[in-house]
Amino acid sequence: MHDMAAGGWLLGFIGAVTMLVGVALGVWRVWFLGRAATTTGEVVAIDDSSGEFPIVRFDAQGNVVAGGRSISFRANTNLGDYPVGRQVTVRYDPQTPERAVIDSFAHLWAPSLILLAVGGLFAAFGYALTAR
C-alpha cells in the first residue's frame, strides 16, 4: 500500500509539472499572438523524417529585421492536411521572423492542450492511487 501511495504522489507531481508547462506554453502563445504579424505562406515541402510536418515559406516584406527575405520554417505539429503548394496563413514574430506558426487552431493550441490533458490524466491517476 505504501508503494502505491508513493507512486501516486510521483504521478501527481509529474502531472502537475506537465500541466504547468502546458499553461506556460499557452500564456506564451497568447503573448506571441498579441505581437505577431500575419501574412500568407506556401507549403513548399513535407519533412517526413519524423512524421509529415509541413515546411512553409513566407515573405517578410516590409519587415526591417528580415530585410524582405523569404523565411522557411517547419510546422510544430503535423495536424491537418497540408499538401505542397497549399497557401496558408502564417503568424510570425516581427522581431524574430523565423519564429513562425501556421495560423490554425491545431498549430496554435494543440501543444498546450495535449500537455494539459496528459498532465491532468497523470494527476488524476496519482490522486486515485493516494486516495486508497
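The model is a predicted one, with a protein chain of 132 residues. Here is a friendly tour, from the overall layout to the charged pairs.

**Overall layout**

- The protein chain has two helices and five strands.
- Read from the N terminus, these elements follow the order α-β-β-β-β-β-α.
- Helix α1 spans residues 2-35, and strand β1 covers residues 37-47.
- Further along come strand β3, at residues 70-74, then β4 at 87-92 and β5 at 100-102.

**Burial, surface and contacts**

- Of the residues in the protein chain, 29% are counted as buried.
- Take the contacts between residues at least 6 apart in sequence: 66% of them join residues at least 24 apart.

**Salt bridges around Asp-93**

- The model holds four salt bridges by the rule used here, and two that involve Asp-93 are described next.
- Asp-93 and Arg-35 meet through their side chains in a salt bridge, at 3.1 Å from N to O.
- Asp-93 sits in the loop between β4 and β5 while Arg-35 belongs to helix α1, so this pair ties together parts that are 58 residues apart in sequence.
- Asp-93 has a relative accessible area of 2% and is therefore buried, since buried means under 20%.
- The side chain of Asp-93 also forms a salt bridge with that of Arg-99, with an N to O distance of 3.5 Å.
- Arg-99 is partly exposed, at 36% relative accessibility.
- Through shared partners, the salt bridges join Arg-35, Asp-93 and Arg-99 into one network.

- Another of the salt bridges brings together the side chains of Arg-74 and Asp-47, at 2.9 Å from N to O.
- This pair links distant parts of the chain, with Arg-74 in strand β3 and Asp-47 in strand β1, 27 residues apart.
- Arg-74 has a relative accessible area of 37%, so this residue counts as partly exposed.

**A question to take to the structure**

Terms used. Residues are numbered from 1 along each chain as its sequence is written. This is a predicted model: local features need pLDDT of at least 70, side-chain atom pairs count only at pLDDT 80 or more; totals for chains, interfaces and linings use all residues. Side-chain values use heavy atoms; hydrogens and water are left out. Helices (H or I, at least four residues) and strands (E, at least two) are DSSP runs, numbered from the N terminus. Buried means under 20% relative accessible area, exposed over 50%, partly exposed in between (1.4 Å probe, protein chains only). Contact means heavy atoms within 4.5 Å.
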